[in-house]
Each structure stands twice: as C-alpha cells, then as structure tokens.
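Subject: Structure handover

Hello,

Please find the structure below. My notes on it come after.

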Amino acid sequence: MAYDDGNVFAKILRGEIPCARVAENGHALAFNDINPQAPVHVLVIPKGRYVSSDDFYTTAPAGEIAAFSALVAQVARDAGIDATGYRLIANHGAEGGQEVPHFHMHVMGGRPLGPMLSRKTGP
Ligand code: AMP
C-alpha cells in the first residue's frame, strides 16, 4: 500500500492541522487522541512516511524504531501509568481496524481497561 500524503497524521506532521502535542523526539511525535477511549489516550507516530506497523517495523532504520519505542515508553512514564499499567495498540490494515494510514501506536491507561478487544465511546 502506497503512503497517502493526504492522511490526517501527515497533515499534523506538516503543521497543516493542530494537535494536542504531548511529547516529541527527533523521529517521533506524541499527541492526544481526539476521541479518547481512556483517561490517558495518546497516539505516538513516527515522523517518517510509514503506512502501518508492518511497513514501519520492516522498513524503518533501527534508529527510527528505537526513537519511536523510547517515546512510547516516555509517554507512559510521563503520564504516570507505568506503575498502574497501560495498553499499547497498533491497528494494522482493514481487519485490524486501522482508520488512519500512517503508523501509530495507541498508549492507553488511567483506568482498568477491561477485555482486550472492547471499544467504548469515551474515557
Ligand atoms: P486507528 O483506528 O488505529 O487508525 O486509530 C486512529 C485514531 O486516530 C482514532 O483513535 C482517532 O480518534 C484518532 N484521530 C483521528 N483524527 C485525529 C486528530 N486530528 N487528532 C488526534 N487524533 C485523531
């Protein structure tokens, strides 16, 4: 699947639409999900043009993967949910329920999250 430069996270990275920025490093950006499913619901995205988790983890340079992973951990620690627990979700493709075709990791926590596959309507 070719990368679509018109996707909403590409627009955020280009500064064309705003985001609620949480943290950033040289290769990744973290911002609050616009439709949170938990008290903490942050999206971490690579700054590079990667469609999905498969694309990212099979083609990104090791340094970009390391920086991305470090930001995921930092976001959870900064939110204070490393002690209480949290969930990481990366939806890939149609059956994975991926809506935005730019790889992203959901970092979710702040309450007991319940069964692994349920989706609520809010925090
Ligand atoms: P996924 O279903 O894994 O592709 O998740 C896409 C996520 O992006 C959803 O949780 C949306 O709420 C979130 N989202 C979509 N547009 C925005 C936006 N402009 N700012 C922040 N989060 C967004």
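The notes cover the basis of the values, then the sheet, then the ligand site.

This is a predicted model, in which local features need pLDDT of at least 70, side-chain atom pairs count only at pLDDT 80 or more, and totals for chains, interfaces and linings use all residues. Residues are numbered from 1 along each chain as its sequence is written, and side-chain values use heavy atoms, with hydrogens and water left out.

The sheet

Five strands form an open sheet in the order E1-E2-E3-E5-E4, with antiparallel pairing. Strands (E, at least two residues) and helices (H or I, at least four residues) are DSSP runs numbered from the N terminus, and two strands pair if DSSP finds at least two bridges between them. Strand E1 (21-24) and strand E4 (86-89) are at the edges with a single partner strand each, so one side of each has no neighbour in the sheet. From one strand to the next the twist averages 20°; axes are lines fitted to C-alpha atoms (for helices over the stretch in contact), with angles from 0 to 180 degrees between N-to-C directions.

E1 and E2 are antiparallel and share three bridges. A hairpin of three residues connects E1 to E2. Across this pair, Glu 24 is opposite Leu 29 in E2, and Ala 23 is opposite Ala 30 in E2.

E2 and E3 are also antiparallel, joined by five bridges. Ala 30 has Val 44 in E3 as its bridge partner, while Asn 32 is opposite Val 42 in E3. On the other pairing of E3, five bridges join E3 to strand E5 (residues 105-109), again antiparallel. There, His 41 stands opposite Met 108 in E5.

As for burial, four of the five residues of E2 are buried, where buried means under 20% relative accessible area, exposed over 50%, and partly exposed in between (1.4 Å probe, protein chains only). In strand E3 (residues 40-46), seven of seven residues are buried. Both faces of E3 are covered, with Val 40, Val 42, Val 44 and Pro 46 on one side and His 41, Leu 43 and Ile 45 on the other.

The ligand site

The ligand is surrounded by 15 residues, of which the closest are Asp 33, Asn 91, Glu 99, His 104 and His 106. A residue is near a molecule or strand if one of its heavy atoms lies within 4 Å of it. The shell divides into six nonpolar, seven polar and two charged residues. Here Ala, Val, Leu, Ile, Met, Phe, Trp, Tyr, Cys and Pro count as nonpolar, Asp, Glu, Lys and Arg as charged, and the others, Gly among them, as polar.

- Asn 91: a polar side-chain atom at 2.8 Å from an oxygen atom of the ligand.
- Gly 97: a backbone N or O atom at 3.0 Å from an oxygen atom of the ligand.
- Val 100: a polar backbone atom at 3.0 Å from an oxygen atom of the ligand.

Taken alone, the ligand exposes 510 Å², and the protein buries 88% of that; accessible areas come from the Shrake-Rupley method with a 1.4 Å probe, and for residues only the protein chains shown count as cover. Helix H1 (8-13) and strand E2 (28-32) are the elements that give two or more residues to the shell.

Regards

How values were computed: A polar contact is a pair of N or O atoms within 3.5 Å; within protein, one must be able to donate a hydrogen and the other to accept it, and residues adjacent in sequence count only if both atoms are side-chain atoms.
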